[in-house]
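This report covers helix packing in the model shown below.

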Amino acid sequence: MSLRDRVLDALQRLVLAGDPAPTLDAVAAAAGVSKGGLLHHFPDRRALAHGLVHRALAETDAAMATAADGGTAAATWLRLSAADGAEQAAARALLSLFRVSAGGVDLPPDVGQAVRRWQSAIEAEVGDPVHADVVRLVGDGLFTEALLGAPPAPERVEALITHLLTDTSPSRRNTSR
């Protein structure tokens, strides 16, 4: 494992263990590296947070790309949003870090680009931009619940998936009015 990955793992562990704004010294110690080694890869807290952003994006991008190829982008988005384990640890750690340091760390532009990619994959699957918005926003709500420490029960997530994704054809939507 690279020094960079060790530092990001340490930051993630510290944040998820309840230290939402660990010092650079604490991260270096948890990673088993010198502060100079940490600063070589992450010159400041902003760069460290951005490293965690990129990790979370890469993990979610990989899962969403696989899901889009298999025609399950919408359901995968909802399941990832409610995940309470290693699947979304980097994203939860990142959001916890941002919540505490509001205004102190900005999101890089690739976050918006990633959200647009995921939205496009969901829209391509469900065939309607408004329905895709609803699916994505429900996922955002599930993610917020998980972030606040109350991850939704898997049965509830599956019920939402069934409700939101069963026969998404325009004829079904028009007849349900």
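## Antiparallel pair

α4 and α5 are roughly antiparallel (over 145 degrees) to each other, because their axes cross at roughly 150°. The axes of α4 and helix α5 (residues 73-82) come within 8 Å, and the crossing is right-handed. Axes are lines fitted to C-alpha atoms, for helices over the stretch in contact, with angles from 0 to 180 degrees between N-to-C directions.

The contact (heavy atoms within 4.5 Å) involves T60, A63, M64, A67 and A68 of α4 and A73, T76, W77 and L80 of α5. These residues divide into 7 nonpolar, 2 polar and no charged.

## Basis of the model

The model is predicted; local features need pLDDT of at least 70 and side-chain atom pairs 80 or more, while totals for chains, interfaces and linings use all residues. Residues are numbered from 1 along each chain as its sequence is written, and side-chain values use heavy atoms, without hydrogens and water. Helices are DSSP runs of H or I with at least four residues, numbered from the N terminus.

R4, D5, V7, L8, D9, L11 and Q12 of α1 meet L48, G51, L52 and R55 of α4. By class, this contact has 5 nonpolar, 2 polar and 4 charged residues.

## Buried face of α2

In helix α2 (residues 24-31), L24, V27, A28 and A31 are buried (under 20% relative accessible area, 1.4 Å probe, protein chains only). They fall within an arc of 100° seen down the axis, so they line one face of the helix. These residues pack against α1 (3-16), α3 (35-41) and α4 (45-70). Just after α2, G32 takes a positive phi of about 70°.

Technical notes. Buried means under 20% relative accessible area, exposed over 50%, partly exposed in between (1.4 Å probe, protein chains only). Helices (H or I, at least four residues) and strands (E, at least two) are DSSP runs, numbered from the N terminus. The arc is that of the directions from the helix axis to the C-beta atoms. Angles under 35 degrees count as roughly parallel, over 145 as roughly antiparallel, 65 to 115 as roughly perpendicular and the rest as oblique. A crossing is left-handed if the near helix is turned anticlockwise from the far one by less than a right angle, and right-handed if clockwise. Ala, Val, Leu, Ile, Met, Phe, Trp, Tyr, Cys and Pro count as nonpolar, Asp, Glu, Lys and Arg as charged, and the others, Gly among them, as polar.
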